[in-house]
Amino acid sequence: MDTSDQKKIERRVFTSFFQGGIIEAFTGIILLQLGLSALFSRSGFGDWQSALLTLPIALILLIVVFLVRRFVIIPRLGRVKFLPERRRKLSKLIIVPTLTLIAGAIVGYIFAENASLRHIFVGLISFSLVSIIVFSAAAYFLDMKRLYVYGAIVGLVFPLGKYLETVIISRNTLPATILLTAFVFLSIAIVFLVAFLRKYHEPGV
Amino acid sequence: MKELENQGKKQTTDSLSEIMNIDRLVHSPARLSILTYLSVVEEGDAVYLLNQTGLTWGNLSANVTRLQEAGYIEVVKEFKDKKPHTLLKLTDRGRKAFHDYQNKMKGLLDIKGHLPRGT
């Protein structure tokens, strides 16, 4: 067993701590918040108002996910303190998405405030790019290849919803597309959690 | 040429004789597995080792005790949320023993790769 084998084992151990559909639930909740926000904004609420109204729902659900991880998943997997290299890599994970989200928020603000730019696809494309960058950074720093796929899906949902809106003439097509994707992710998360609970039992000792 | 051949034979014999010096405490599959999974983390609890190694509680406990007695791992027993919690960590001695074992085995397997079939 050489260093590369040990790296593989370390990677396998690390990724095993994201079992139980945590990543899928997190992605689903973000999409749910964005979908509900889009739905509210098309029902007469302002863009910022809609975002603020849906934020508590997302926060409550995220707290539930955190509690499930803390009290259901971790006791079954065991507690581990990873090596300093892994912890350093994880701390870098915070930087890239944070910077990207700040840049995305600034771009979003410019588009929201500027009426002439509001209906241009550039806003959606930049949002998709932010999603892809955030998920790719997470995929790289967490060593989880499936996050690239999730990033591509999240990045595609918005332009796809907008495109479908032009085909199916309904003002709720975009929110419906986002919400449908959110429910798919949340359903996958539940399936993963059930499979996890069947595989791992809480230790008796 | 003959000198080179003799040198090669001597190296092979030296490396094969190393098999006798292999740390038997590390060589057992269960203990090797425990050391491997502890070597990739700073510290981990008994549940972590139980899941990763696939050992039973009894087997894990017996092998952990042997490794602890040899000074290869450090065991801290504590209470977390009023429940007993056993934290395990590879000591410097244990890490060295594990790496020495890895190098010896790698050397032996490299030699084996150069030997004719059936040896």
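Which residues is A:Arg42 in contact with, leaving aside its neighbours within four places in sequence? I looked this up in a predicted model and found A:Lys162, A:Glu165, A:Arg171, A:Asn172, A:Leu174 and A:Pro175.

**Entry on A:Arg42.** I placed A:Arg42 in the loop between helix H2 (22-41) and helix H3 (47-77) of chain A. I noted that its side chain is joined to that of A:Glu165 by a polar contact of 2.3 Å.

**Entry on A:Arg76.** I then turned to A:Arg76, which belongs to helix H3 of chain A. I recorded A:Arg76 as buried because its relative accessible area is 16%, where buried means under 20%. A polar atom of its side chain lies 3.0 Å from the backbone oxygen of A:Val72. Not counting residues up to four places away in sequence, I found that A:Arg76 touches residues including A:Phe196, A:Tyr200, B:Val47 and B:Asn51.

**Entry on aromatic rings.** I counted seven aromatic pairs over all chains. A:Phe17 and A:Phe82 form an edge-to-face pair, with 5.7 Å centre to centre and 90° between the planes. This pair links distant parts of the chain, 65 residues apart, with A:Phe82 in strand E1 (residues 80-82) of chain A. I found both A:Phe17 and A:Phe82 buried.

A:Phe17 also forms a tilted pair with B:Tyr48, at 6.4 Å centre to centre and 40° between the planes. A:Phe17 lies in the loop between H1 and H2 of chain A and B:Tyr48 in helix H4 (residues 46-53) of chain B, so the pair joins two chains. I noted one aromatic cluster formed by A:Phe14, A:Phe17, A:Phe18, A:Phe82 and B:Tyr48.

**Entry on charges over rings.** I found the charged end of A:Arg69 over the ring of A:Phe18, 5.5 Å from its centre. A:Arg86 lies over the face of A:Phe14, 4.0 Å from the ring centre.

How values were computed. Residues numbered from 1 in each chain as written. Chains lettered and ligands numbered in written order. Predicted model: local features only at pLDDT ≥ 70, side-chain atom pairs only at ≥ 80, totals over all residues. Heavy atoms only, no water. Helix = DSSP H or I, 4+ residues; strand = E, 2+ residues; numbered from the N terminus. Contact = heavy atoms within 4.5 Å. Polar contact = N/O pair within 3.5 Å; in protein donor to acceptor, adjacent residues only side chain to side chain. Buried < 20%, exposed > 50% of the residue type's maximum accessible area, 1.4 Å probe, protein only. Phe/Tyr/Trp six-rings, centres within 6.5 Å; stacked < 30°, edge-to-face > 60°. Lys NZ or Arg CZ within 6 Å of the ring centre and 35° of its normal.
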